[in-house]
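Student: Could you take me through this structure with a few questions and answers?

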Amino acid sequence: MTKSSKPIAGTRGTQMERALVLDTVRVTEQAALAASRLVGKGDKIAVDAAGTEAMREVLNDLDIDGTVVIGEGEMDEAPMLYIGERLGGHKKSYAVDIAVDPVEGTTVTSRGLPNGVAVIALAEKGGLVHAPDIYMDKLVVPPPAAGHVSLDWPIEANLKALAMSLERGVEDLLIVVLDRERHQSLIEGIRRAGARVKLIGDGDVIAALAAAVRGTGVHALMGWGGAPEGVLTAAAMKCLGGEIQGRFIAEDDAQRARLAEMGVSETRIYKTDDLAPGEQIVFAATGITDGDLLQGVRRFGGGARTHSIAMGYASRVVRFIDTVHLEEGGARVTVRV
């Protein structure tokens, strides 16, 4: 079943979104299907390779002239979906920048744990920031709290503002934090303020998405995670009306030099529009393993079932897509229900 919000009349940039939104879902679906065959086998490198290869194959079949700005690494580090790689089919009607994470949560996926997901965002040229592969301190909140919190504020102040925005008590809040030693003081601060903590092993993009969508029981994401994932999160937050605030964290002189070369500040708080300034943005994610927001791939004799979310900024449409992939006589038939 496809659920959507009411489109806003007269929005700009809907042509690209309408043309590419279902194709974008096809990219994450095929990456999830490929990676799902390795769920629970304990090989995170093989999981990532399977998702990456499948994603690249579909991207090269799309009607785009695409450039990877957030990918698997630089060209000498990644054989495919590397930063700067050009992708697209023969017609190349739409010039786009691409941010990908073929398997967000390679470790949890390889271990069969929750929240493995395939993620992609497309935007017009210059619509997504090329973030260095370093840490970013992040604060992600749902639409009612957008503009009412600050990464500079104490934990308690942000939780009070979040609770007021959501019309509930601080004790009702559930905050997602990556389970890392570096977050011990953050975790203690959240609990001391009266809120609850949900620790996750990997995957802060899908966790941020869950925080921005009603009904998941998650209300915010806090803590350090990858800066490239921050750009993917910003693309989703822009479409959903939520907010990400992030500050780049340089851990050594080489990273500081990299930031300076890119014109990026260590002290500035980068918000949603800073990280995803585009006016035409498409975002899609497909579950590989079960999570708070998306179900994982379900395999059955002769096919599989996937669960995805797809959205566009200009069109203001958010879809949850349940797809059955049938294999008949070696041919693949896709049915979206």
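Tutor: Angles under 35 degrees count as roughly parallel, over 145 as roughly antiparallel, 65 to 115 as roughly perpendicular and the rest as oblique. This is a predicted model, in which local features need pLDDT of at least 70 and side-chain atom pairs count only at pLDDT 80 or more, while totals for chains, interfaces and linings use all residues. Residues are numbered from 1 along each chain as its sequence is written, and side-chain values use heavy atoms, without hydrogens and water.

Student: How are helix H6 and helix H7 oriented to each other?

Tutor: Helices here are DSSP runs of H or I with at least four residues, strands are runs of E with at least two, and both are numbered from the N terminus. H6 (residues 204-212) and H7 (residues 227-240) pack at an angle of about 20°, their axes 9 Å apart, where axes are lines fitted to C-alpha atoms, for helices over the stretch in contact, and angles run from 0 to 180 degrees between N-to-C directions. The two helices, H6 and H7, are therefore roughly parallel.

Student: In which sense do E5 and strand E9 pair?

Tutor: Two strands pair if DSSP finds at least two bridges between them. Met136 stands opposite Phe248 in E9. Over 7 bridges, E5 and E9 (residues 243-249) pair in a sense that is antiparallel.

Student: Which residue in E8 is the bridge partner of Tyr135?

Tutor: E5 also pairs with strand E8 (residues 220-226), in the antiparallel sense over 6 bridges. Within E8, the bridge partner of Tyr135 is Gly226.
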